Amino acid sequence: MLYFDHASGALPDAETLDIIKECISRYPANQEAVHPLAYEARKAFEDARVRLARILTGTSDFRAVAFSGGTAAIAALSHWQRLRNKKVFTTRMEHPAVFACLRQAQAECRCFELDKNGVIKALSIPEGGCKAVFITHVHSETGTIQPVDEVFAKNSAGSVIKICDTIQSAAKIPLPRLADVMTVSGAKFGVPGAAALLVRKEFAKEIEDIALDLRRNYQVCRINIPMFAAMTEVIQKRMERQASDLAYAKAIRELCCELAAERKINCTVAPEHSSPYICHLNFPQAEGAVIVRLLGAEGICVGSGTACSAETPEPSSAMLALGFSKKAAFGGVRISFNASTTACDIKKLFDVLEKVLKNY
């Protein structure tokens with residue numbers, strides 16, 4: 001089986017599995033108990049929170065607020081008074097979890113205009129302003145990278161809250177410097193069941209109170225301390241080799257683009273505007289979901305749309321936002337990879353894809 005769906009959920013490598021096993025062995029206790037093992041678990045959790053924020057941001061200006069998953073972390077922001085009933089600028093390409101959060105917050109949404117790659121065109125908010133900007137750093141389907149710091153710098157007047165979904169970029173490419181809130185999910189590193197909001201300290205108490213209230217009312221899961229500690233350890237190791245992994249991913253993505261061009265397959269986003277870890281292809285005369293299933297029958301796993309909406313009967317909202325027709329917006333296929341993906345893997349994928357398309 002060849003796996004190219006790391007943007008949905010990364011396969012844990014041997015190192016990650018060893019870290020998970022060690023953390024489960026070291027912190028087995030219910031953190032709410034009163035015996036020594038529970039105290040040890042709570043201390044490990046607090047230490048991991050501090051480390052995670054510092055590792056990812058490179059500063060002591062943020063606190064990590066823990067959740068059981070990235071979707072739960074984003075959903076929690078719907079309870080934040082700084083978003084509720086406020087005017088928020090975003091884009092039409094955001095993850096469904098972001099739109100659900102803003103609907104729940106009853107926010108008044110306005111959208112930036114996008115170019116053909118999905119990149120925000122006019123960086124400044126139109127006259128009338130807003131109370132928050134909520135945008136994604138790396139799009140989970142197309143891989144589009146937004147110029148987040150440029151957008152935030154242009155719209156930093158007053159008390160504008162700057163939120164960035166960084167689930168696809170954390171520990172992979174450098175994070176934005178000007179965000180007030182960012183996201184990270186262990187599932188993207190092979191450590192499911194752990195996630196966090198990275199919150200600038202001046203707002204951290206507000207978000208921590210929301211998270212605590214949600215847990216007390218059983219609206220979110222209790223924090224899985226072994227997995228949170230494991231996520232922190234794995235991310236630290238990824239950050240240590242971020243530069244080398246990034247260079248390798250760029251070479252793999254370049255190979256994807258070359259092999260696609262040879263077969264006259266279109267890449268949706270230009271390489272200079274896309275994450276090195278994602279290559280999105282579009283097939284105007286075919287359905288992406290069908291291609292995914294045909295490849296699956298050949299032992300190859302790729303994605304179609306975001307993982308959270310892959311089975312929807314609707315066309316890709318991201319591709320519609322890029323100007324594709326409704327029919328063509330069904331034709332997206334996402335290839336996502338990590339440092340374990342080899343050139344031979346990619347060549348095998350395109351050889352099989354070529355056969356699948358001939359028999360489509």
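Reader: Why is Lys264 called exposed?

Author: In this predicted model, Lys264 has a relative accessible area of 74%. Exposed means over 50%. The value passes the cut-off, so Lys264 counts as exposed.

Reader: Where is Lys264 placed?

Author: Lys264 is in the loop between helix H8 (242-262) and strand E9 (266-267). Lys264 and Lys347 are 83 residues apart in sequence. In space, their C-alpha atoms are 15 Å apart.

Reader: How do you know that the span of helix H2 agrees with its 22 residues?

Author: Helix H2 covers residues 36-57. At 1.5 Å a residue, it should span 32 Å. Its end C-alpha atoms are 32 Å apart, so the two values agree.

Reader: What makes the buried residues of H2 line one face?

Author: Seen down the axis of H2, they fall within an arc of 165°, so they line one face of the helix. Among them are Ala38, Phe45, Arg49, Leu52 and Leu56. On the other side of H2, Pro36 and Lys43 are exposed.

Reader: What do the buried residues of H2 pack against?

Author: Their partners include strand E2 (62-67), strand E7 (181-185) and helix H7 (225-240).

Reader: What follows H2?

Author: Gly58 does, and its phi is positive, near 75°.

Reader: Which residues have the most contacts inside the largest nonpolar core?

Author: They are Leu52, Leu56, Val133, Leu198, Phe228 and Ile235, in a core of 53 residues. Beyond its neighbours within four places in sequence, Val133 is in contact with residues including Phe89, Phe112 and Ile163. A second, separate core has 30 residues, including Ala73 and Val199.

Definitions and conventions. Residues numbered from 1 in each chain as written. Predicted model: local features only at pLDDT ≥ 70, side-chain atom pairs only at ≥ 80, totals over all residues. Heavy atoms only, no water. Helix = DSSP H or I, 4+ residues; strand = E, 2+ residues; numbered from the N terminus. Expected span 1.5 Å × (residues − 1). Buried < 20%, exposed > 50% of the residue type's maximum accessible area, 1.4 Å probe, protein only. Arc of directions from axis to C-beta. Contact = heavy atoms within 4.5 Å. Core = buried A, V, L, I, M, F, W, Y, C linked by side-chain atoms within 4.5 Å.
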